[in-house]
Amino acid sequence: MTAAPATLWSFLASSPLIWLLATLLAYQLAQAIYARAGFTPLLHPVVVSVAILVAVLRLTGTPYQTYSDGVRFIHFLLGPATVALAVPLYRQVKAIRRNWLALLFAAAAGSAASAAVAMGTGALLGASRPTVLSLAAKSVTMPIAMSVTEKIGGSPSLTSALVMLTGIFGTCMAQIILRGLKIPDADAGGFALGVAAHGIGTSRALQISQEMGAFAGLAMGLAGILTAFFLPFLIQAL
C-alpha cells in the first residue's frame, strides 16, 4: 500500500465496525455462492465466509484478536439465535412426547458410535493420544466440542477444524445414505443430521423443512449434552 491508502486503511481498521461489516458482507457473498451452486453442502456459507475472512485478515495483516474484538456483537446474537431453534421444536412437541425415550437412546447411540469410530480409526492409523482425544467430540457443536476436548487433554484448535469438516461431510453424506436406506421421514432424517453434523446439518435440515429442522436441532442439543456429561468420564475410565 502507498502512504495515503495505508493511512486510510489504518483509520478504518481501528474501528470495530469495519470487521462487523466485513463479516456480514462475507456471509452475504457466501450465501449467494451457496444458492448459485444449488445449495451443495461443499459450499456451505459458513465454510466459504470463513475462507473469505481468513484471506482478508492475511492480506491486511490483521491479528485475529482485533477481528474478534470487532465482531463481539455477533457473539452476543448467537445466544438468541440458538434460543430461536425452540420455535420449530415447540411445534413438534407432541411427536417428541410420544417418542422421547427412543429419541434419547438414538442420541446416546449416535454420539457414542461417532466418538468410538473416530477414536478407534485414529488409534488404528497410529495417531498420537492428543490427536485421538481431539477426534472424540468432533460431531457435536463447536463450543461444546472445544470445551470437552480441552477437558480431556486434546487440542481444541484441531477439534475446531474437525468439527467443521464433520459438519460438511455429514451433511453431504446423510441425505445420500437416507435415500439409499429409503428413510423418507423428516423426523428421522432431521435427527440423523443433527447427531452426525451438528449445526451445519441443522441449518441444512431447516432449509428442507421446519419439521426436519426441529428434530435436527433437538438431536444437536441432546448429543451435545450427552457428550459433555459422559465423554470425560468415559475417557478417564479407559
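**View 1. The second largest pocket of this predicted model has a volume of about 500 Å³.** Look for Ala174, Phe191, Ala192, Val195 and Ala196 here: of the 25 residues that line the second largest pocket, these are the closest to its centre.

**View 2. Helices around the second largest pocket.** Three helices, H8 (100–124), H11 and H12, each supply at least two residues of this lining. H11 gives the most, with seven residues. Sorted by class, the lining of the second largest pocket holds 16 nonpolar, seven polar and two charged residues.

**View 3. The largest pocket has a volume of about 1900 Å³.** Its lining is made up of 44 residues, and the closest to the centre of the pocket are Val46, Val50, Ile74, Leu78 and Met164. These five make handy landmarks for finding your way around the close-up.

**View 4. Helices around the largest pocket.** Two or more lining residues come from each of H2 (17–36), H3 (45–60), H4 (64–70), H5 (72–84), H10 (142–152), H11 (156–180), H12 (186–208) and H13 (210–237). Which helix gives the most to the lining of the largest pocket? That is H3, with nine residues.

**View 5. Residue classes in the lining of the largest pocket.** If you go through this lining by class, you will find 29 nonpolar and 15 polar residues.

Notes. Residues numbered from 1 in each chain as written. Predicted model: local features only at pLDDT ≥ 70, side-chain atom pairs only at ≥ 80, totals over all residues. Heavy atoms only, no water. 1 Å grid on protein atoms, 1.4 Å probe; cavity = no way out; pocket = protein on both sides within 12 Å on 5 of 7 lines; lining within 4 Å. Points joined across faces, edges and corners; volume = space filled by probe spheres on them. Helix = DSSP H or I, 4+ residues; strand = E, 2+ residues; numbered from the N terminus. Nonpolar A, V, L, I, M, F, W, Y, C, P; charged D, E, K, R; others polar.
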